[in-house]
Amino acid sequence: MTREQAKALIDERFSSAQVDGDAPTSAEATASRPIVVTLPVDQWTAFAQFAKTTLGCRFFSFSSAVDWKEQGLEVVARIDNLDDGVGVMMKARLGPGVSACPSLVPVFRGAEWMERECYDMFGIQFEGHPDLRRMLLSDDWQGHPLLKSYAVDTPHPPYR
Amino acid sequence: MLDTAKTSKVEFDYSGGERLTMNMGPQHPSAHGVFRAILTLEGETIVGVDAVIGYLHRCHEKLSETLTYAQYPSIASKTDYVAAMTSELAYVMAAEQIGKIEVPKRAQYLRVIMAELQRVASHLLWLGTWCMDMGGALGGGATVFLYCIRERELILDLFESLVGARLLYGFYQVGGTRYDIPDGWAQKCRETINLIDARIGEYESLLEDNPFFLARAQGVGVISRELAEDVGIAGPLLRGSGVNFDLRRAAPYSSYEDFTFNVPVETGGDCFARYRVRMVEFRESIAIVRQALDRLPDGAISSRPGLKSVAQIRIPKGEAYARVEGPRGEVGCYLIADGSAKPYRMKWRGASFSNLAVLPHIIPGHKIADVVAIMGSVDPVFGEVDR
Amino acid sequence: MEIKPPVPQIPAPIWRNIKDLQEWEQTHQRRPEGDKHSQLFESVTEGIHSFPGGFVVTTVADAFLNWARKSSVWPVTFGLACCAIEMMATFASRFDVERLGMVPWASPRHSDLMVVSGTVTIKMAPMLERIYDQMPDPKWAVSMGSCANSGGPFRHGYHVVKGVDRVIPVDVYVPGCPPPPESLLNGLLLLQDQIAHFRKTGRRALPNPKVD
């Protein structure tokens with residue numbers, strides 16, 4: 001399964017996905033670049049399932065989110081095919097004001113903790129996550145720190 | 001009154017009955033850092049574990065948006081503080097990938113030497129603390145701990161003469177490294193690694209001839225290959241479960257393709273397999289350092305020399321995910337730059353975070369004493385977990 | 001049978017009863033005068049000291065008890081972050097602290113000293129206070145590293161306590177990031193000098209500019 005074969009399979013199966021939208025951004029060898037796939041949100045889990053079964057990407061690297069201020073949030077995930085060295089970076093823009101996203105936990109068990117951290121930091125509710133609660137901050141913490149509207153030195157009396 | 005003629009053996013049936021919730025709190029003697037595991041016990045066997053982390057959440061990702069590319073590498077060391085240069089390397093490589101900044105060959109070889117020395121130092125600390133956990137701090141466990149710290153101090157001396165700091169450095173910068181090796185350093189380095197190479201054999205024989213060590217490590221904490229890939233663990237845990245994946249081979253960075261080394265893979269999946277993987281990694285790292293010292297090219301150490309800590313490097317718009325094979329696995333830095341001197345978003349893919357996520361799947365079924373052995377062989381560093 | 005993971009019981013934040021930061025800081029600046037020892041012992045010591053010539057007895061007792069206390073300070077292993085690795089290096093072969101009588105001990109109930117090594121976060125602060133409260137008197141605290149002194153490089157973070165002295169009273173501050181074992185040993189020897197200044201078997205003396 002080479003990078004080109006994987007791209008062809010993605011193109012034929014998910015026509016609404018944008019594969020490798022921009023020009024190469026890295027100086028590393030072309031073959032080891034990840035395939036960057038920008039998807040609509042409702043195909044998030046379906047694409048992950050497809051990548052795991054058809055493309056052989058069984059290694060779940062990470063999943064996170066980015067806060068683009070007015071344009072809303074974007075969820076990012078990276079999965080790898082260890083045997084062939086093909087990496088897929090999945091991205092999906094949630095619209096402005098939207099903070100719900102389907103969960104990858106039914107497909108990859110490693111998404112459990114990563115999505116809990118996303119919820120903790122960004123407030124994204126993952127539908128289908130078995131146990132969505134805060135991961136790194138206390139359960140009674142107010143606010144979601146990594147949003148751009150949260151100041152880095154927000155006081156928290158009495159310790160600060 | 002108990003009729004001893006009929007009831008000669010008293011049996012307790014625990015199944016579905018008494019369950020005890022026990023807290024293995026953030027401060028405990030198995031010296032791994034601030035980790036809290038809420039264990040649900042049935043007798044001595046664990047049936048459920050809830051891992052609570054976040055006691056060391058130091059807001060790395062939010063702080064990186066306020067620090068420039070020249071200021072952050074010193075802070076990046078504090079994620080994986082046992083092998084600090086690994087995390088710095090991930091951040092600096094991500095910035096270089098976006099900015100298409102070339103790194104001179106000498107700097108790449110220096111980076112390789114430092115990364116492999118860090119791997120040896122980190123594995124020495126792992127071995128010492130793991131054996132101390134399993135043997136007790138004041139009992140026999142401190143033996144291997146003190147031996148390994150003695151060796152680790154020799155490597156830290158090398159770093160001190162190079163950078164000035166023992167544990168957390170600001171050695172890398174975008175474009176290369178900050179310092180060059182002083183005179184006599186290469187000779188000292190060769191002597192040190194020869195010494196360590198000889199002593200590792202002693203520790204191996206010390207441990208593997210000990211039936212208690214074997215009983216506590218073999219068959220404990222088996223991670224199947226499928227679980228390993230599903231959860232996303234990497235490093236010696238993955239290679240101990242039979243997956244032949246090493247980033248230095250699969251996606252070589254910083255001139256790793258110039259060196260010949262073996263990648264150890266074991267199929268056992270238990271603590272003993274991970275121990276064997278790390279012991280072989282010691283020797284392979286030492287071999288890489290020898291090769292790099294022999295072939296160290298001359299030249300510049302940075303393509304942007306004279307970069308002081310307040311200098312502003314502007315990285316153009318773009319994003320990159322740079323991965324580094326750290327002693328614990330794949331340390332990654334997902335960086336989104338927006339053209340200014342500070343990143344827009346930076347996400348640490350901490351190796352220990354993903355490694356710890358496997359604990360709730362493998363611990364149930366073991367006894368409490370095995371939790372200590374498994375935690376030690378997973379080797380978490382909580383700077384990476386909590387960031 | 002389905003096993004549901006237990007909900008973590010993080011102790012309730014103690015700041016709920018306190019109105020604001022100023023009130024909290026006032027409660028924390030009132031440091032105990034001496035140690036919590038018995039009134040009888042204290043009155044007997046006062047009596048001996050006020051007796052003409054009795055100061056000889058108390059001075060000799062001070063010297064002996066202070067020597068005993070400072071020569072066997074047992075630290076509780078409270079490593080939080082990177083400084084913990086340097087603390088472990090201090091306790092290990094090259095920079096041995098056992099020659100000073102310090103045996104690192106995991107249980108706070110049997111230890112005298114808490115070396116806070118590493119960043120104190122808001123989630124960890126109640127635990128730290130709880131462990132400090134579990135230590136019996138006389139107890140000392142050494143703040144190791146810049147994170148414990150003042151928040152360190154993470155001072156501007158939302159989850160970081162700006163120094164452990166907002167949580168517990170600290171006797172010695174050791175600067176560094178991380179302080180090399182030589183610095184920590186210096187700090188521990190300074191602590192021993194402070195202990196040697198207990199007067200009338202338990203009252204902490206005011207800082208002496210000649211020594212401290």
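Is B:Arg106 buried or exposed? B:Arg106 is buried, with a relative accessible area of 9%; buried means under 20% relative accessible area, exposed over 50%, and partly exposed in between (1.4 Å probe, protein chains only).

1. Basis of the note. This is a predicted model, in which local features need pLDDT of at least 70 and side-chain atom pairs count only at pLDDT 80 or more, while totals for chains, interfaces and linings use all residues. Residues are numbered from 1 along each chain as its sequence is written, chains are lettered from A and ligands numbered from 1 in the order in which they are written, and side-chain values use heavy atoms, with hydrogens and water left out.

2. Extent of the interface. In chain B, 44 residues are in contact with 46 residues of chain A, contact being heavy atoms within 4.5 Å. The two chains bury about 3,900 Å² between them, 56% of it on carbon and sulfur atoms; buried area is the accessible area (1.4 Å probe) that two parts lose on being put together, summed over both. Of the area that chain B buries against chain A, 18% comes from B:Lys62, B:Asp230 and B:Tyr344, more than from any other three residues.

3. The rule finds 10 salt bridges across the interface of chain B and chain A, a salt bridge being a side-chain nitrogen of Lys or Arg within 4 Å of a carboxyl oxygen of Asp or Glu. One of them joins B:Glu319 to A:Lys91 at 2.7 Å, N to O. On the side of chain B that touches chain A, helix 7 (residues 225-231) gives the most, with 6 residues. Helices (H or I, at least four residues) and strands (E, at least two) are DSSP runs, numbered from the N terminus.

4. Strand 8 of chain B. All 5 of the 5 residues of this strand (residues 345-349) are buried, so strand 8 is largely enclosed by the rest of the structure. On one side lie B:Arg345, B:Lys347 and B:Arg349, and on the other B:Met346 and B:Trp348. Strand 7 (residues 329-337) of chain B pairs with strand 8 in the antiparallel sense over 5 bridges; two strands pair if DSSP finds at least two bridges between them. Within this pairing, B:Lys347 is the bridge partner of B:Tyr334.

5. The pair of B:Arg106. The whole structure holds 43 salt bridges over all chains. In one of these, B:Arg106 meets B:Asp298 at 3.6 Å, N to O. B:Asp298 lies in the loop between helix 10 (271-294) and strand 6 (318-326) of chain B and B:Arg106 in helix 4 (residues 105-162), so the pair ties together parts 192 residues apart in sequence. B:Asp298 is exposed, at a relative accessible area of 71%, whereas B:Arg106 is buried.

6. B:Arg239 and B:Glu325 form a salt bridge at 3.0 Å, N to O. B:Arg239 belongs to helix 8 (residues 236-240) of chain B and B:Glu325 to strand 6, 86 residues apart. The relative accessible area is 0% for B:Arg239 and 3% for B:Glu325. The closest N and O atoms of B:Arg328 and B:Asp379 are 3.3 Å apart in a further salt bridge. B:Arg328 is buried at 2% relative accessibility, and B:Asp379 is buried at 4%.

7. Salt bridges that share partners join B:Glu116, B:Arg119, B:Arg239, B:Asp246, B:Arg248, B:Glu281 and B:Glu325 into one network.
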